[in-house]
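Me: I have a structure open here and have never looked at it before. Can you walk me through it?

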Amino acid sequence: MQAYNEGIQFLNEELSLNEGEWKSRLEWQVKVVLAEHYIANENWVNALDLLNESVGRIPDRANNERGFFLIGQLNEQVGNPQAAFEAYDKVGKYYTNYDLQFAAKKKKAEVARDLGDIDEAIKVFRDMVRDDKNTEFISELNYELGKSEQIKGNSERSRDIFLSILRDPLNKPNNKVKALTYNGLAELNRFEFDNFTLAAAYYDSSARLNIAADQLPQDYDARNLADSFGAYADLKFQVYEQDSLLWLGSLS
């Protein structure tokens, strides 16, 4: 019925009235249900307190698996990436669902990258790439691996990974991964290789895929950058052409 406030009031009253009389396993389960109601009301802090107390103690591996993943999400929501990393790491101890395990590993690597632990992120993404069960997501995982190498400063290694994604005949990337990969190559040529003409071409390739804005990072701006660097490339060619004419004019 989505009557979350009434549910919160009722469960809090029951927990208070029967304090000390519950069997622990039952009390922890009730607290998890109460946490779900707090989440529905976007009360992340109260929900986290209850989940931290109860998850890992409730029955059924699947519930604990989901619980730790939820703790990770909530910690990201409140800006506590270290606790989020630890929660995602614990999901692996309760393996029941492949999709959830995949999502937890990917989030763990992303949070590690946000924390500045690029080596950990590379390790997790590399392990995921090598896992035969992840073949369906190989392009996406390779992109994340290439991005991590880029952040670490391994520019040539990152470029090789990005190019391998685009050239792989067996595991063709979807348009979103293509757009992000072209964008990554553009950034490498812009910031690391000083090849603004090639950067313009890659930005343009990325922008032409027309991916919805809500599916892309907030700092993604390939269309405007393609125009800017394209204009630069045109000016560079004009300067080169004028220099050539001046040189020709200086000949006997």
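Reply: One term to start with: a helix here is a DSSP run of H or I with at least four residues, and helices are numbered from the N terminus. By that count W247 is found in helix α12, residues 222-249. Keep in mind that this is a predicted model.

Me: Is W247 buried or exposed?

Reply: W247 counts as exposed, because its relative accessibility is 54% and the cut-off for exposed is over 50%.

Me: Let's step back. How many helices and strands does the chain have?

Reply: The protein chain has twelve helices and zero strands.

Me: And what about the overall dimensions?

Reply: The C-alpha atoms fill a box of roughly 105 × 35 × 30 Å along the principal axes. The radius of gyration is 25 Å, whereas a compact globule of 252 residues would have one near 18 Å.

Me: What share of the residues is buried?

Reply: Of the 252 residues, 38% count as buried. The chain exposes about 15000 Å², and carbon and sulfur atoms supply 47% of that area.

Me: Which residues of α2 are buried, and what covers them?

Reply: The buried ones are W28, V30, K31, V32, L34, A35 and Y38. Their cover includes α1 (4-17) and α3 (44-54).

Me: What comes just after α2?

Reply: E42 does, with a positive phi of about 60 degrees, although E42 is not a glycine. The residue is found in the loop between α2 and α3. E42 counts as exposed because its relative accessibility is 58%.

Me: Where else is there a positive phi in a residue other than glycine?

Reply: N210 is one of them, with phi near 50 degrees. N210 sits in the loop between α11 (196-207) and α12. At 68% relative accessibility, N210 counts as exposed.

Me: New topic: how many salt bridges are there?

Reply: The structure holds 14. One of them joins the side chains of E76 and K107, 3.0 Å from N to O. That pair links distant parts of the chain, with E76 in helix α4 (residues 61-77) and K107 in helix α6, 31 residues apart.

Me: Which network do they belong to?

Reply: E76 and K107 are linked with K106, E110 and E140 in a network of salt bridges.

Me: What does K108 pair with?

Reply: K108 forms a salt bridge with D89, and the closest N and O atoms are 2.7 Å apart. K108 lies in helix α6 and D89 in helix α5 (residues 81-91), so the pair ties together parts that are 19 residues apart in sequence. K108 counts as buried at 15% relative accessibility, while D89 is partly exposed at 36%.

Me: And R126 with E149?

Reply: Their side chains meet in a salt bridge, 3.2 Å from N to O. R126 is in helix α7 (residues 118-130) and E149 in helix α8 (residues 138-152), so parts 23 residues apart in sequence are tied together. E149 is buried, with a relative accessible area of 4%, and R126 is partly exposed, with 30%.

Me: Last one. Where is R113, and what does R113 touch?

Reply: R113 lies in helix α6, residues 98-114. Not counting residues up to four places away in sequence, R113 touches I118, A121, F125, E144, K147, S148 and I151.

Me: Why does R113 count as buried?

Reply: Because the relative accessible area of R113 is 10% and buried means under 20%.

Note on methods. Residues are numbered from 1 along each chain as its sequence is written. This is a predicted model: local features need pLDDT of at least 70, side-chain atom pairs count only at pLDDT 80 or more; totals for chains, interfaces and linings use all residues. Side-chain values use heavy atoms; hydrogens and water are left out. Helices (H or I, at least four residues) and strands (E, at least two) are DSSP runs, numbered from the N terminus. Buried means under 20% relative accessible area, exposed over 50%, partly exposed in between (1.4 Å probe, protein chains only). Contact means heavy atoms within 4.5 Å. A salt bridge is a side-chain nitrogen of Lys or Arg within 4 Å of a carboxyl oxygen of Asp or Glu. The radius of gyration is taken over C-alpha atoms; the globule rule is 2.2 Å times the number of residues to the power 0.38. Accessible areas come from the Shrake-Rupley method with a 1.4 Å probe; for residues, only the protein chains shown count as cover.
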